[in-house]
Amino acid sequence: MHLRSMRKEYFRIAREHRACYVQVFVDVPCEVALERNRRRVEEQRVPDQVVLDMHERFERPKPDKYTWEQNTLVVKGHDVDWMHEGEEHARICQQTYQALLEMWKHASPPPTSNAERLDMQERSRMGNRESAAHVVDLRARKIVSETLQEVSRAHRRELAISLANAKRELLSTLEDQDWDAMRIEPSLSAFRDTCKHLLARPSVVLLQGSDVQS
């Protein structure tokens with residue numbers, strides 16, 4: 001990633017998940033990059049101008065200026081011909097891997113700012129709220145369905161409207177609160193009583209054998 005802003009996105013992800021962040025900078029002089037590009041097979045080669053433009057735009061890591069870039073492993077890319085595997089190639093790769101592990105071992109998780117910590121807490125609350133809302137909605141739908149089964153088809157439309165309004169009010173009430181099991185269960189129990197009350201109205205004709213009472 002040639003722009004610092006692109007690399008910092010990964011630093012933010014690491015900070016959000018309390019993970020260590022280490023970046024590898026393969027330092028290759030422009031003239032070496034041009035020479036290696038010319039040695040590529042034709043279908044893999046890019047115009048020299050592309051290499052020159054990328055070299056011009058590339059923002060080198062600056063650990064002294066940007067603290068989040070302190071854990072930067074610099075690999076001298078011109079020390080070995082990466083295009084031809086061999087013993088030297090394998091040795092450099094092994095050294096790089098060991099150096100990366102060592103740096104990773106001693107790297108501390110990046111600190112989380114107060115603003116980011118509050119944002120993470122809010123996201124967690126929103127996730128819990130959405131999950132609980134889904135559970136309540138499914139269980140309320142089941143209660144409504146069971147209630148409608150007690151009514152003759154000819155009278156279901158009017159009752160269905162009343163039950164839908166009651167369910168909407170249930171969800172609206174819980175939206176204004178922090179969702180948790182302590183509130184969900186009593187709310188669903190009260191909703192079931194409301195459904196029974198609506199079912200017991202004189203205008204509702206029950207199916208024969210129903211044991212619903214007012």
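Predicted model: local features only at pLDDT ≥ 70, side-chain atom pairs only at ≥ 80, totals over all residues.

Trainee: How many helices and strands does the secondary structure of the protein chain come to?

Mentor: Read from the N terminus, the elements follow the order α-β-α-α-β-α-α-α-α. The secondary structure of the chain therefore comes to seven helices and two strands.

Trainee: What percentage of the residues of the protein chain count as buried?

Mentor: The cut-off for this class is a relative accessible area under 20%. Applied to the 214 residues of the chain, it gives a buried share of 27%.

Trainee: Among contacts between residues at least 6 apart in sequence, what percentage join residues at least 24 apart?

Mentor: Contact here requires heavy atoms within 4.5 Å. Among the contacts in the protein chain between residues at least 6 apart in sequence, the share that joins residues at least 24 apart is 71%.

Trainee: Which elements give two or more residues to the largest nonpolar core?

Mentor: This core has 19 residues, and V136, L159, L163, L170, L188 and F191 touch the most other members. The elements that contribute two or more residues to this core are helix 5 (114-148), helix 6 (156-175) and helix 7 (181-199).

Trainee: Is D137 buried or exposed?

Mentor: D137 has its place in helix 5. Its side chain is joined to that of K167 by a polar contact of 3.0 Å. Beyond its neighbours within four places in sequence, D137 is in contact with K167 and L171. Because its relative accessibility is 17%, under the 20% limit, D137 counts as buried.

Trainee: Which residues are in contact with A166, leaving aside its neighbours within four places in sequence?

Mentor: A166 is found in helix 6, and it is buried, with a relative accessible area of 12%. The C-alpha atoms of A166 and L198 are separated by 9.6 Å, although these residues are 32 apart along the chain. Leaving aside its neighbours within four places in sequence, A166 has contacts with F191, T194 and L198.

Trainee: Which element gives the most to the lining of the largest pocket?

Mentor: The largest pocket has a volume of about 750 Å³. Strand 1, helix 2 (30-38) and helix 3 (48-57) each supply at least two residues of its lining. With five residues, the element that gives the most is strand 1.

Trainee: How many nonpolar residues does the lining of the largest pocket have?

Mentor: The largest pocket is lined by 26 residues, and V26, V28, A33, V51 and F58 lie nearest its centre. By class, the lining has four polar residues and five charged ones, while its nonpolar residues number 17.

Trainee: With which side chain does the side chain of D27 make a polar contact?

Mentor: D27 is found in strand 1 (residues 23-27). D27 is buried because its relative accessible area, 11%, falls under 20%. Leaving aside its neighbours within four places in sequence, D27 is in contact with R60, V74, V75, K76, G77 and H78. The polar contact of the D27 side chain, at 3.4 Å, is with the side chain of K76.

Trainee: How far apart in space are C30 and H55, C-alpha to C-alpha?

Mentor: C30 is found in helix 2 and counts as buried at 12% relative accessibility. Leaving aside its neighbours within four places in sequence, C30 is in contact with L52 and H55. C30 and H55 are 25 residues apart in sequence, and their C-alpha to C-alpha distance is 6.5 Å.

Trainee: What is the phi of R18, a residue other than glycine?

Mentor: R18 lies in the loop between helix 1 (4-16) and strand 1. Because its relative accessible area of 46% falls between the limits of 20% and 50%, R18 is partly exposed. Its phi is positive, in a residue other than glycine, with a value near 55°.

Methods. Residues numbered from 1 in each chain as written. Heavy atoms only, no water. Core = buried A, V, L, I, M, F, W, Y, C linked by side-chain atoms within 4.5 Å. Buried < 20%, exposed > 50% of the residue type's maximum accessible area, 1.4 Å probe, protein only. Helix = DSSP H or I, 4+ residues; strand = E, 2+ residues; numbered from the N terminus. Polar contact = N/O pair within 3.5 Å; in protein donor to acceptor, adjacent residues only side chain to side chain. 1 Å grid on protein atoms, 1.4 Å probe; cavity = no way out; pocket = protein on both sides within 12 Å on 5 of 7 lines; lining within 4 Å. Points joined across faces, edges and corners; volume = space filled by probe spheres on them. Nonpolar A, V, L, I, M, F, W, Y, C, P; charged D, E, K, R; others polar.
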